[in-house]
Amino acid sequence: KVVISIDKILDEARVLGCSDVHFTTKISPVVRLHGSLRKLSSYPEMTEAAIMKICEQMTGGRNIENIKNKVDTDFSYVTRRGYRHRVNVYHQRGDTAIAIRLLRNDIPTLEDLDMPPILGEFALPPRGLVLVTGPTGSGKSTTVAGMIDKINKERHDHILTVEDPIEFLHKHQGCMINQREVGVDVDSFAGALR
């Protein structure tokens, strides 16, 4: 039996310029490249056992227990080379499947993202609520990261995030920043808000 090295396949996908890697039973691993899905035919068709081995390479403890109990599970994964990934393990037809989003290690500015200047203005008032909505892959997390980066550079406050999972790692700049991950640092969003 071939054991797929998750770090190796993620490194290959990153070199190709892929945004996502998917594992599901009865098909070779699939990548999303420039919006289109493509099979990596150099790898074998995935089995439930192979997919569980991949999960075990990326996480352990409560996450593995949840996955074995057929609970959809989200977490972040960092390869040995330091690249971050958002992982969603879900279930279909009784089998386990994995969707992995390859994340940027840098934090883009709102200018890098060609966002209108009004977004920067939304980020700076001391109170308020800003909702960022859209379909999967539309840039919600990246936009919020850009807004947090602007706050972090231009204000002197405490930024506290609750994320599931943490995607962008912010460094203390003008602000002190604490990032809490659901399932790691806190049990739920509700618990974090309390």
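Entry 1. Pairing of the first strands

I took two strands as paired if DSSP finds at least two bridges between them. With that criterion I looked up S2 and S3, which run antiparallel and are joined by 4 bridges. I note that the model is predicted.

Within this pair, I found Arg32 opposite Leu37 in S3. The hairpin of S2 and S3 has 2 residues between the strands, and His34 there takes a positive phi near 55 degrees.

I then turned to S1 and S2, which pair in the antiparallel sense over 3 bridges. His22 stands opposite Val30 in S2. These strands also form a hairpin, with 6 residues between them. In its turn I noted Lys26, with a positive phi of about 70 degrees.

Entry 2. The sheet as a whole

In what order do the strands of the open sheet lie? I read the order of its 6 strands as S3-S2-S1-S6-S5-S4, with antiparallel pairing. The edge strands are S3 (36-39) and S4, each of which pairs on one side only. From one strand to the next the twist averages 25 degrees.

I also examined strand S5 (residues 84-92) with strand S6 (residues 95-102), and recorded antiparallel pairing over 8 bridges. Asn88 stands opposite Ala99 in S6. Helix H3 packs on the sheet and touches S4, S5 and S6. The direction of H3 makes about 135 degrees with that of S4.

As background to these pairings, I recall that strands of a sheet pair through backbone hydrogen bonds, either parallel or antiparallel.

Phe75 is placed in strand S4 (residues 73-78). Is Phe75 buried or exposed? Its relative accessibility is 3%, so I count Phe75 as buried.

Which residues does Phe75 touch, leaving out those up to four places away in sequence? I listed Met58, Thr59, Asn63, Ile67, His85, Arg86, Val87, Val89, Pro165 and Glu181.

Asn63 belongs to helix H3 (residues 61-68). With a relative accessible area of 18%, Asn63 is buried; the cut-off I applied is under 20%. Beyond residues up to four places away in sequence, Asn63 touches Thr73 and Phe75.

Entry 3. Salt bridges

How many salt bridges does the model contain? The count comes to 11, and I examined several of them individually.

The side chains of Arg32 and Asp20 meet in a salt bridge, at 3.8 Å from N to O. Arg32 lies in strand S2 (residues 30-33) and Asp20 in strand S1 (residues 20-23), so this pair ties together parts that are 12 residues apart in sequence. Arg32 counts as partly exposed at 28% relative accessibility, whereas Asp20 is buried, with a relative accessible area of 7%.

Glu12 forms a salt bridge with Lys8, and the closest N and O atoms are 2.8 Å apart. Why are these two residues separated by about one helical turn? Glu12 and Lys8 are 4 residues apart in helix H1 (residues 6-16), which means a separation of about one helical turn. I recorded Glu12 as partly exposed at 29% relative accessibility, and Lys8 as partly exposed at 47%.

I looked up a further pair in helix H5. Lys150 forms a salt bridge with Glu154, the closest N and O atoms being 2.7 Å apart. Because Lys150 and Glu154 are 4 residues apart in helix H5, about one helical turn separates them. Glu154 has a relative accessibility of 45% and counts as partly exposed.

Entry 4. A nonpolar surface patch

Finally, I inspected the surface around Val130. Where does Val130 lie? I placed Val130 in the loop between helix H4 (117-123) and helix H5 (140-154). At 35% relative accessibility, Val130 counts as partly exposed.

Ile118, Phe122 and Val130 form a nonpolar patch on the surface. Together these residues have about 250 Å² of accessible area.

Terms used:
Residues numbered from 1 in each chain as written. Predicted model: local features only at pLDDT ≥ 70, side-chain atom pairs only at ≥ 80, totals over all residues. Heavy atoms only, no water. Buried < 20%, exposed > 50% of the residue type's maximum accessible area, 1.4 Å probe, protein only. Contact = heavy atoms within 4.5 Å. Axes fitted to C-alpha atoms, helices over the stretch in contact; angles between N-to-C directions. Patch = residues over 30% accessible without salt bridge, like charges linked within 9 Å, V, L, I, M, F, W, Y side chains within 5 Å. Areas by Shrake-Rupley, 256 points an atom, 1.4 Å probe, with all protein chains shown as cover. Salt bridge = Lys/Arg side-chain N within 4 Å of Asp/Glu carboxyl O.
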